[in-house]
Structures are given as structure tokens and as C-alpha cells.
Amino acid sequence: MLSRKQKRVWRYVEEGGLLKLKSYLRKHRDLDVNFSQGKRERSPLHLACSSGDDALLRLLLQHGADVLRKDRKGDTALHTAVNRALKHGKSAYDDLVVPLKKSCPEALNDPNNAGVTPQDLLNWSQQKRTAENMSRPSEGDPEKEWMEKLFGECEDEFCETFGVYDDDDEEDFGDWADRIRKEYFDQKHAEAQRLAAASSGWKRKKSKQQREQEAQSQKELNEKLQREHEEYLARAARKEEEVRQGKKRSYDERCAATFSGDGGSSSGGTMLSYGDIPWPAPRGTVHEMLDVMLHGVDRKDVPVFRKMLRKQQALWHPDKFAQRCEARLAEKDRQRILDTVTALSQELNRLAHSLRT
């Protein structure tokens, strides 16, 4: 169980808050930065490497971060740094790999659960460059370029949009991306070895059977990526719909509790602060509030949609809201509450007017 201080350290690293973290660690010099967080059991040093923040990495090393600490898959922070360097090139290598190597040289030969060391990854990269230099220069393969582009877009899209959904019973996106990347790298490594073995004469052409096998392999991997991409999109869409339905149910229940019966009386009862009002999206904009309160209603079915709209207009009309709740509003939040109710009512009226035109 993480302490409150460790949770704050994790948040600063996650947000890239270098100055905040530096100040906090200066104030709490005895704070241990070697802890694991989340399903993947990563340390703050893993997180800094995965985000490519070399300044945070150096700060954590100065405060005793353990380079040999492993995540759930047995990867050290150096594994993470080398993988990022393979993707982003020499600048990532200089910023991330070099400081970790200097801090803990023995981490280069520390294997993960699959038996792969950071040195193995660096050797693979060197072999790949050697094989490319020995192979005949030719125009890029459109199939390979398209497959690599698809993989990159899949990874970026899910990390930005759906990476927040975790399921203990199913393979999460991080695991899936690691597995696909490993399969892809293994295939590229095997291809580099074949090129090295056949490099006695770069003019030697591949046999027709070899070309067909490679084309089939590329096609199968491409189809696999597309299929799994579609499956994850569908699952993420289901998750998002469940979240939206949960927000709508919570909104309806809070409205019933606040505006109905004794809870909606204009006198007596506890005082209502801004957070006690059953806003559809407490921290959202007016448009986000409308999305929650009107979720599940087909806007193409105009009579049904107009009926729901009138119900919400009656609920949030400033005069009717004041009759129900104004006497119970906390003085410090009164004006803010009334301003938000007015803005919400105006947007509902604008939407209702658009149905008539």
C-alpha cells in the first residue's frame, strides 16, 4: 500500500512536474522513491523512462532510484529506456540510456522474465543496421511501411484515448502492444539474420518461394493487427457506453433525491453548496452537462426528444429552481449556483428553439 507521500511523487512524475518533484523531495529527503504502482507494477523510474523525461530520470537517480527494480514482466527501467531509444533514435539513447548505464552498468545484462537483457536489445539494433547496410539499396516496401504505420497509429490512438480502461480478466492494451511489438521485432530480427547469411553477394536475388513466404507472413501479421485493433475498439466503445450510462443513472438518482419530496422543499433541511447540486457533469462544461442529461434519447425521434427536453427545461428553469432551492443555498456558493443554472437553462432553450426551426 503506497503512502500519501509516494502517491504524490507518482503524480508529479506522471504529470512531468519536475520543479514540484524537486521541491517535494528536497523537503522530504528520507522519502523512498523505490515503489511499484498499478497493474504493471512500474516504479517512478519506469514511468519517467516511458515518457522520455530525462530531467525527471536524473532527479530520481540523484535521490536513490533503483535501476535494477523490475516491473511485472521483469523489465528494468533500462529495458524501458532502450525500447524507447529503438523507437525514437539517438536523442532518446543519449537522454535515457546513457545516464542509466553510468548509474548502474550491471543493469545492461539483467534479463527480464523472457530472458532478454537491455544489451540484447542494443545488439539487435546494431545487427539490424548492419543487415540494412549489407542489403541492396532499394525503394521502400509499401506493404511494410503501411504495416509499421498502422501499428504506430494503433498504439498512439489507444494510449491517448482508451488506455485508461483496465480489465483484470482480459489482456490490457499495454500487454497486447508489448506482445505485438515482440512478434514484429522477432520477425524483423529473423529477416536480418537471413540477409546476413545471404550477404556474400548482394546481387543474389531471393527465390520466388522466399518472396511468397515473406509476403504471406506480412499479410498475416497485417490482418492480425487489423483484427485485434477492431476488437479493442469495440471493447473500448462498450466501456465508454457503460461509463455514460452510469453518469446518467447517477444524475437521475441525485435529481430525485434533491428535488423530490422533503429534499426538494424550499425551506428547512441542510444547506446546499455547489457540490450538493445534482449537476449532470459537476466539473464539465454546459455542453457536457447536456450530453449527460440527454444520453440515451434518440434525437432523430423528435417527439420523444422534445418530451425529454421539456422535462429538463422544467427542472432547470431559474425561477422554478429558485422556488425549490434558493432558501437552502449556501451563501458563499449562491451566485455561482444561480449563474450555472441560468447558463444551463439558456442552452436547453436554444436546443428547443432549434427543433422548431
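The structure holds five aromatic pairs. Rings of Phe, Tyr and Trp (its six-membered ring) pair if their centres lie within 6.5 Å; planes under 30 degrees apart count as stacked, over 60 as edge-to-face and the rest as tilted. This is a predicted model: local features need pLDDT of at least 70, side-chain atom pairs count only at pLDDT 80 or more, and totals for chains, interfaces and linings use all residues. Residues are numbered from 1 along each chain as its sequence is written, and side-chain values use heavy atoms, with hydrogens and water left out.

Reader: How are the planes of Trp124 and Phe185 arranged?
Author: The centres of Trp124 and Phe185 are 5.0 Å apart. Their planes make an angle of 35°. The pair is tilted.

Reader: Which helices hold Trp124 and Phe185?
Author: The pair ties together parts that are 61 residues apart in sequence. Helices here are DSSP runs (H or I, at least four residues), numbered from the N terminus. Trp124 lies in α7 (residues 118–134) and Phe185 in α9 (residues 173–197).

Reader: Is Trp124 buried or exposed?
Author: Buried means under 20% relative accessible area, exposed over 50%, partly exposed in between (1.4 Å probe, protein chains only). Trp124 has 12% relative accessibility. Therefore Trp124 counts as buried.

Reader: What is the relative accessible area of Phe185?
Author: Phe185 is the partner of Trp124 in the tilted pair. Phe185 is partly exposed, and its relative accessible area is 24%.

Reader: Why does the pair of Trp316 and Phe321 count as stacked?
Author: The ring centres of Trp316 and Phe321 are 6.1 Å apart. The pair is stacked because the planes are at 20°.

Reader: Which residues form one aromatic cluster?
Author: Trp316 and Phe321 are both buried. They belong to one cluster. The members are Tyr274, Trp279, Trp316 and Phe321.

Reader: Which residue lies over the face of Tyr274?
Author: A charge sits over a ring if NZ of Lys or CZ of Arg is within 6 Å of the ring centre and within 35 degrees of the ring normal. At Tyr274, the distance from the ring centre is 3.6 Å. The residue is Arg336.

Reader: Where is Glu41?
Author: Glu41 has a positive phi of about 55° although it is not a glycine. At 38% relative accessibility, Glu41 is partly exposed. Its place is the loop between α2 (18–27) and α3 (44–51).

Reader: Which residues does Arg299 contact, leaving aside its neighbours within four places in sequence?
Author: Arg299 is in the loop between α11 (286–293) and α12 (302–316). Contact means heavy atoms within 4.5 Å. The residues are Asp291, Leu294, Phe305 and Leu351.

Conventions. Helices (H or I, at least four residues) and strands (E, at least two) are DSSP runs, numbered from the N terminus.
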